[in-house]
Amino acid sequence: MPYNEQGVGYREVSTSIQAGEDVAMKASNVRLMVMDALSKGGPMTSDELAEHLGIDYRTVQPRTSELKADGRIVDSGLVAHGPHGKRVTVWAARRDRKDA
């Protein structure tokens, strides 16, 4: 998936590109919130992050993908199950980066 200059992922169709541009500022703020939550609260799934932050999962999940692509968060290696019983990634802030 390509990412725009603000780090927002999009598909290569005009509506997705426009949507990526429209959410860039909000996405940046949510990425900061996710990083803060993982740095202070420890590893969490995207569902747990959404609940912890009080925002919709559909807003959090793309930000975790962007942060992973940027190398700022990693799969913690922990096992968790999402609301539908399937295994889900437990994210952790990457500790070996100065900006993480």
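1. Which backbone oxygen lies 2.6 Å from a polar atom of the side chain of Thr64? That of Gln61. Thr64 sits in helix H4 (helices are DSSP runs of H or I, at least four residues, numbered from the N terminus).

2. A word on the basis. This is a predicted model, where local features need pLDDT of at least 70, side-chain atom pairs count only at pLDDT 80 or more, and totals for chains, interfaces and linings use all residues. Residues are numbered from 1 along each chain as its sequence is written, and side-chain values use heavy atoms, with hydrogens and water left out.

3. H4 covers residues 57-69, 13 residues in total. From first C-alpha to last it reaches 18 Å, close to the 18 Å expected at 1.5 Å a residue (1.5 Å times one less than the number of residues).

4. Buried in H4 are Thr59, Val60, Arg63, Thr64, Glu66 and Leu67 (buried is under 20% relative accessible area, exposed over 50%, with a 1.4 Å probe and protein chains only). Down the axis of H4, these fall within an arc of 165°, so they line one face of the helix. The arc uses directions from the helix axis to the C-beta atoms. The face turned away carries exposed Arg58, Lys68 and Ala69.

5. Thr64 counts as buried because its relative accessibility is 1%. Its side chain makes a polar contact with the side chain of Ser46, at 3.3 Å (N or O atoms within 3.5 Å, one able to donate a hydrogen and the other to accept it; residues adjacent in sequence count only if both atoms are side-chain atoms).

6. Now the ends of H4. At the start, a side-chain oxygen of Asp56 comes to within 2.6 Å of the backbone nitrogen of Arg58. After H4 comes Gly71, with a positive phi near 80°.

Technical notes:
Helix = DSSP H or I, 4+ residues; strand = E, 2+ residues; numbered from the N terminus.
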